[in-house]
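Here are some notes to read alongside the model, written for someone opening it for the first time. Keep the 3D view at hand and go point by point.

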Amino acid sequence: MADNVSSLFRNSAAHSPSMAALTREGGEGVGPVDFCIPCNPYFPTPAMLDTMAARLRDIITYYPSSADTITAELCNLLQLPPQAVAMGNGSTELITWIDHLLVRESLAVPVPTFGRWTDQPMETGKRVDMFPLQESSGFALDLAQYAEFIRTRGTRAAVICNPNNPDGGFLHKHAIVQFMDAMADLDLIIIDESFLEFADAEQEPSVVQEAMVRPNVIVLRSLGKNFGLHGIRFGYMVANPALAGRVRSMLPKWNLNAFAEYVVFMLKEHGPEYAQSLLQVRRDRLDMASQLSALPGLTVYPSQGNFLFVRLPVGAEGTVVRDRMLAEHRILVRECGNKIGSSSRFLRLVVRPQVDVRRLVSGLEQVLYGTRRGAVVPELSSGTGYSSGTAAVDRLVTNGAGMPGLAAQAMAAGAPGPVAAAPAAVAAAMPAPATPPAMPQPVPSDGAGMPMPAAAQVFPQSVPAPAPTPPPAPTPPPTPFPTPLPTPAPVPAPAPPMSPAAMAPAAMTPAPMAPAAMAPPMSPAAMAPPMSPAMSPPMTPATAPPMGPTPPGVPARGGLTAAQVRGTNGLSPAPATGWPNAQSWPNAAGMGQAG
């Protein structure tokens, strides 16, 4: 497989090749350990799978019941009125019909997020207003700023994913309800709760009951993710009967297959096993975050999904890490360079049992550091240019100059330092965000063995022979890293501000930015004004790159920051979601409750 790994990803229509394709390519009849596809590893139970296997002949031989029959059984389980529910062949089928029927001209969506929320409306000619989630605030969504952005752009429909994919950011129910109240005049508000079953930050976080009584709200739910059955393809939406009926009327009579029917009808007998599986995933999430946060230079973001969003150490290339993990360790990871608002410095890693996590950590240690807990090996910086995954966005942001040109502009503007975030006006109807807690950050080394940041690697011009440089200082012994806490490593605090001499004169002042100034795209030159060589501080070999979040004006190697996708530099930080203690479990849209 080692020789064909890169071609497998290039030739895939999705972000990753299917497990069937990987199994065929491996030639051993067994696929890799899957840290890419976010499903529940503990459900169905082995006994349930044995029961389905015994009925396999009947399941694949005969037609299923109608979608109305299967939907009625699911609604009986979830205590929801069938008139308010529409079931689809996966949530993607429902997203497609929601776009065709209910999104008229424009859709606002925070990025990075699930790709169909950006791609589907663009495929049908809608305007997609992308609201950038800031790396400096841990990709947390500030609903007040999002509402202001929607008003400024005049957007008619809005999406919120809770928890968000790929970062796992979580919003409390009361905040979403306030957002729906403030945006009651929009054509449509979609709350995508595909991963909400895995959250433990709130006992009853779903807004399905609110959606049924509002004229413009749809809640989307996935069944494949939380039931661990992606291949069956089933999901559902909840809305007021008029909205649900419009979507349901367009769906084929047999859009749900016999496997979906069999699983839905057997769920009522396996409620305790399902609840236990969710509890185990939440425990594994804490353990996995703790182990990953112990790796030097790796940032783990707080998550309420069944996955963790991580930023690779400086010098590590996500596509190279992905390919080597698969070829050398038979581990499949999700590299996020094709998500708008992300770059190839980020991976999404699915929560799995501890035995698999130990294998993942061991593989990352060898790929990232060459040995265990060493310095990042420069060989990962292969020089191959990787884009944001959307060529049109790359051309728009770089004005045709490509990633090296964008990196050079960023470096000329003093990019290694952080850019001050400009606070946006807060909508009167929205709650004020709380100040995020200070987060511990591992102490970096002095940079003697660490490669330069990716942007810096492409900046110097090539010369016939390298100029002699003074010998580097002796490498000090490695700094011990703090013992991981029982909670996952939260978002690192931004790096210290730059000196006044190194800051760009106009675009980086901390003065508040008017909402109208944030919406229109800015050219790369406006985001990072070039400085003359005399103004740029000289970079010496002893200068170590900052270890905080990548500044909004600096792309990870070959990628785009969220700010660059929208053409604006920064929004005020939003509160981190934190890692609350596990209490009682959220029900499946009201499982076991009346009404």
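1. A term to start with: two strands pair if DSSP finds at least two bridges between them. Strands themselves are DSSP E runs of at least two residues and helices are H or I runs of at least four, numbered from the N terminus. This is a predicted model, where local features need pLDDT of at least 70 and side-chain atom pairs count only at pLDDT 80 or more, while totals for chains, interfaces and linings use all residues. Residues are numbered from 1 along each chain as its sequence is written, and side-chain values use heavy atoms, with hydrogens and water left out.

2. Have a look at β7, residues 217–222. On one side, β6 (residues 188–192) pairs with β7 in the parallel sense over four bridges, and Ile 189 stands opposite Val 217. With β8 (residues 235–239), β7 runs antiparallel, joined by five bridges; here Leu 220 sits opposite Met 237.

3. Is β7 covered or open? Six of its six residues are buried (buried is under 20% relative accessible area, exposed over 50%, partly exposed in between, with a 1.4 Å probe and protein chains only). In a regular strand the side chains alternate between the two faces of the sheet. For β7, one side carries Val 217, Val 219 and Arg 221, the other Ile 218, Leu 220 and Ser 222, and both faces are covered.

4. Asp 129 deserves a click. This residue is in β4, residues 127–132, and is buried, with a relative accessible area of 0%. Its side chain makes a polar contact with that of Arg 127 at 2.9 Å (a polar contact is a pair of N or O atoms within 3.5 Å; within protein, one must be able to donate a hydrogen and the other to accept it, and residues adjacent in sequence count only if both atoms are side-chain atoms).

5. Now the nonpolar cores, meaning sets of buried Ala, Val, Leu, Ile, Met, Phe, Trp, Tyr and Cys residues joined through side-chain atoms within 4.5 Å. The largest has 93 residues, and Tyr 146, Phe 234, Leu 292 and Leu 360 have the most contacts inside it. Helix α16 (residues 354–369) gives the most to this core, with seven residues. A second, separate core of 26 residues includes Val 109, Trp 117, Ala 157 and Leu 243.

6. What does α16 pack against? Its buried residues, among them Leu 360, Val 361 and Leu 364, pack against β1 (33–35), α14 (271–293), α15 (318–329), β11 (331–335) and β12 (346–350); contact here means heavy atoms within 4.5 Å. Just after α16, Gly 370 takes a positive phi of about 80°.

7. Next comes an open sheet of five strands, in the order β1-β11-β12-β10-β9, with mixed pairing. β1 and β9 (299–300) are at the edges with a single partner strand each, so one side of each has no neighbour in the sheet. β9 is joined to β10 (residues 307–311) by two bridges, running antiparallel, and Thr 299 stands opposite Arg 311.

8. Pro 32 and Val 333 are 301 residues apart in sequence, yet 9.9 Å apart in space, C-alpha to C-alpha.
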